[in-house]
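Me: I have a structure open and a few quick things to ask. Can you walk me through them?

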Amino acid sequence: MLQYITLAAAAFFAGILNTVAGGGTFLTFPALVYTGLPAVAANATSAVAVFPGYLGGAVGFRSELAKFDRRKLWKIVALTALGGLIGSLLLLVSSNQAFSVAVPFLLAFATLAFAFGEKIQAWIKNRRAEREEGFVGIFLVSVYGGYFNGGLGIVLLALFSLWGMRDMNAMNGLKSGLSFVLSAISVATFALAGLVAWPQALVMMVAATLGGYAGAPIARALPRSLVRAIVIAVGAIMSVIFFARLRYR
């Protein structure tokens, strides 16, 4: 019972964090590993756990999503789904040992991408080239997200920053919507492959949904600088923890 309470609490706050700025899997994935799941199964179950929370976040930001160009949005959604499928299939052929070695590096990459996304964007002078490369970027990020859901929201926000987006609410709305699409593909793939620990996943799905919907008003109320600081701090702490686990394996 204590384990399920721990998982539910992690999922609820992950739902909030995913809606506010991303990085919720920094909470759900370690919680599942802590309760004894192997790394690959924990990652698959974590993806299922936070999946409905993305929908809650997207609904909370529906007014921001309605402002996007429909044609461009559908292209982005299609590339997100394709990349998510490829990444999910890559996870199916990964061993627990190989995935455990990759995790801390993936966490660190996600955190650094978010922390320095605006500075990287400032270096990009040719905005026309930036727009042309945008679709390639979303595809590559989606492959990453399908393989390792951890930090997906953070990497998406970093990508949006590279695109020149600055409205945090619009960025969060697009991030939640694309994360939902990508996670839907991942969840179906992992479920068919039998990687998901369903008792844990179902409890966490309910908690993450509640957290995701609660996160939208919180995101609107919090200063942008504070949101960024929270995500960077969580990502850095989890990266250090998993590097330490790797060292003492």
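Me: By class, how many nonpolar, polar and charged residues are in the lining of the second largest pocket?
Reply: This is a predicted model, to start with. The lining has ten nonpolar residues, one polar residue and no charged ones.

Me: Which residues line that pocket?
Reply: Leu55, Ala58, Leu65, Leu73, Trp74, Val77, Leu174, Gly177, Leu178, Phe180 and Val181.

Me: Which helices each supply at least two residues of the lining?
Reply: Helix H3 (39-60), helix H5 (70-92) and helix H10 (168-193). The largest share, five residues, comes from H10.

Me: And how much space lies in there?
Reply: About 210 Å³.

Me: New topic, H9. Why is H9 largely enclosed by the rest of the structure?
Reply: Ten of its eleven residues are buried, so H9 is largely enclosed. Buried here means under 20% relative accessible area. Among the buried residues are Leu152, Gly153, Phe160 and Ser161.

Me: At what angle do the axes of H6 and H9 cross?
Reply: Roughly 35 degrees, for H6 (residues 96-115) and H9 (residues 152-162). The two axes come within 8 Å. The crossing is left-handed.

Me: Which residues make the contact?
Reply: From H6, they are Phe109, Ala110, Thr111, Ala113 and Phe114. From H9, they are Ile154, Val155, Leu157 and Ala158. By class, that contact has eight nonpolar residues, one polar and no charged.

Me: What about just after H9, which residue takes a positive phi?
Reply: Glycine 164, with a phi of about 100 degrees.

Terms used. Residues numbered from 1 in each chain as written. Predicted model: local features only at pLDDT ≥ 70, side-chain atom pairs only at ≥ 80, totals over all residues. Heavy atoms only, no water. Axes fitted to C-alpha atoms, helices over the stretch in contact; angles between N-to-C directions. Helix = DSSP H or I, 4+ residues; strand = E, 2+ residues; numbered from the N terminus. Left-handed = near helix turned anticlockwise from the far one by under 90°. Contact = heavy atoms within 4.5 Å. Nonpolar A, V, L, I, M, F, W, Y, C, P; charged D, E, K, R; others polar. Buried < 20%, exposed > 50% of the residue type's maximum accessible area, 1.4 Å probe, protein only. 1 Å grid on protein atoms, 1.4 Å probe; cavity = no way out; pocket = protein on both sides within 12 Å on 5 of 7 lines; lining within 4 Å. Points joined across faces, edges and corners; volume = space filled by probe spheres on them.
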